[in-house]
Amino acid sequence: MAGIFPQDPALPIGSTLTATCSVSPDLGLHASSLFWSLNGRRLPSSSYSVLSPTALSVTLPGLPASRQRSGDNLVCHNHGGHVLAGSCLYIGMPPVKPVNLTCWSRNTKDLTCRWAPGGQGETFIKTKYTLKYKLRWYGRERECEEYNAAQPYSCYIPRDLALFTPYEIWVEATNLLGSATSDVITLDILDVVTTDPPSGVSVSRVGNLEDHLSVRWESPPALKDFLFQAKYQIRYRLEDNSDWKVMDDVGNQTSCRLAGLRPGTVYFVQVRCNPVGIFGSRRSGIWSEWSHPTAASTPHSERVLSGSCDSKSGDSNSTLRRELKQFFGWVRNHAYGCGGMSIKLYDQWRVWMQKSHKTRNQGQAPGAMLSLQPLATSTMTAPSTVAPPTPSTDV
């Protein structure tokens with residue numbers, strides 16, 4: 001009985017639209033008695049034109065972007081306000097080529113891909129993104145079906161993927177105003193494997209060493225049945241600082257020691273994993289997310305607690321050099337090149353020095369200043385687990 005032309009048009013932002021409402025003569029309505037509304041707001045009569053006794057047009061210049069992706073509602077009413085006909089206006093932009101397409105696999109059998117929409121990322125009208133893939137040299141084109149509503153620019157392929165054969169993957173974006181296609185990426189599933197973060201991360205003190213923490217973790221369980229060699233990274237930060245320090249040289253071991261830390265300070269530590277050489281792949285995988293932060297504190301420095309750290313920095317450095325000379329000279333004569341033994345003995349040496357300084361500090365009168373001097377082995381008693389060092393100057 002009534003209709004609007006054009007019906008549900010799609011127009012670029014800034015366009016001018018002239019729409020016409022035509023009514024049946026059987027309704028007994030004259031065009032001059034009709035009016036228009038856009039998104040519930042009545043449009044001014046100055047934008048109307050009576051084309052015939054049964055046709056009324058409206059002109060909308062410089063149309064802004066649609067307020068909602070489902071379109072703006074343009075409605076023709078009779079003089080009493082009743083709706084005679086309606087049309088949806090889709091005012092927006094054609095899609096821009098999607099960019100930053102990346103994919104990864106959790107278990108070598110699935111694939112998740114993510115991309116960015118390109119340009120400003122907003123078309124103002126409904127735009128469909130379709131992830132497509134196919135085997136590089138043969139096979140038919142397929143579409144990903146499991147899209148994540150919480151992450152609109154991603155899709156998950158759960159099964160039926162081939163190994164040792166490269167895939168071509170791309171994204172197509174389409175809406176009422178046009179379409180665009182991303183660059184095609186080529187990948188082998190084995191080259192984009194990632195894991196869950198390492199589990200069982202623990203951080204503990206190293207005896208009484210005030211500037212060391214020991215970090216241990218377990219390999220990700222998801223890939224334990226695959227032939228691969230993981231490499232790890234550690235990062236840590238102070239409790240009151242948001243800046244992380246990253247250790248890149250952890251390798252494939254599942255433990256590491258942090259040294260040179262502040263005494264009496266809380267540290268947060270995280271670990272992540274990168275699987276290397278899955279089924280003989282020559283490329284590294286993709287870094288996992290970081291593990292949940294694990295906190296631990298270093299012991300308080302006994303020298304600081306004693307109130308006896310007023311010596312000049314030059315004296316302290318000189319003393320440290322002399323002490324290290326004593327230690328490494330003794331290691332050269334007694335450890336026979338065993339790296340693991342020397343590290344263990346060095347830990348014991350450090351604890352012994354701290355206890356020795358504490359004992360000497362307790363012998364000072366209250367408020368007295370302590371000047372650190374080289375340890376004289378003839379007056380010190382070493383722990384039973386290590387013989388007292390002999391001063392050496394050949395290191």
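**Sheet order and disulfide links in a predicted model**

Five strands make up an open sheet of mixed pairing, in the order β2-β9-β8-β4-β5. Strands are DSSP runs of E with at least two residues, numbered from the N terminus, and two strands are taken to pair if DSSP finds at least two bridges between them. Strand β4 (residues 35-38) pairs with β5 in the antiparallel sense over two bridges, and Ser-37 stands opposite Arg-42 in β5.

The model is predicted: local features need pLDDT of at least 70 and side-chain atom pairs count only at pLDDT 80 or more, whereas totals for chains, interfaces and linings use all residues. Residues are numbered from 1 along each chain as its sequence is written, and side-chain values use heavy atoms, with hydrogens and water left out.

Leu-17 lies in strand β3 (residues 17-23). Leu-17 is buried, at a relative accessible area of 7%; buried means under 20% relative accessible area, exposed over 50% and partly exposed in between, with a 1.4 Å probe and protein chains only. Not counting residues up to four places away in sequence, the contacts of Leu-17 include Pro-6, Pro-9, Leu-11, Val-58 and Leu-89, where contact means heavy atoms within 4.5 Å. The C-alpha atoms of Leu-17 and Pro-6 are separated by 9.1 Å, and the two residues are eleven apart along the chain.

A search of the whole structure finds three disulfides, each defined as a pair of cysteine sulfur atoms within 2.5 Å. Cys-21 is joined to Cys-76 with an S to S distance of 2.2 Å. The torsion about this S-S bond is about -80°, so the disulfide of Cys-21 and Cys-76 is left-handed. Because Cys-21 lies in strand β3 and Cys-76 in strand β8 (residues 72-77), the pair ties together parts that are 55 residues apart in sequence. Both Cys-21 and Cys-76 are buried.

The sulfur atoms of Cys-103 and Cys-113 are 2.1 Å apart, and this link is right-handed, with 105° about the S-S bond. Cys-103 lies in strand β10 (residues 99-104) and Cys-113 in strand β11 (residues 111-116), so parts ten residues apart in sequence are tied together. Both Cys-103 and Cys-113 are buried.

Cys-144 and Cys-155 are joined at an S to S distance of 1.9 Å, in a left-handed link with -95° about the S-S bond. Cys-144 is buried at 4% relative accessibility, and Cys-155 at 1%. In sequence order, the bonded cysteines of the chain pair as 1-2, 3-4, 5-6.

Technical notes
Helices (H or I, at least four residues) and strands (E, at least two) are DSSP runs, numbered from the N terminus.
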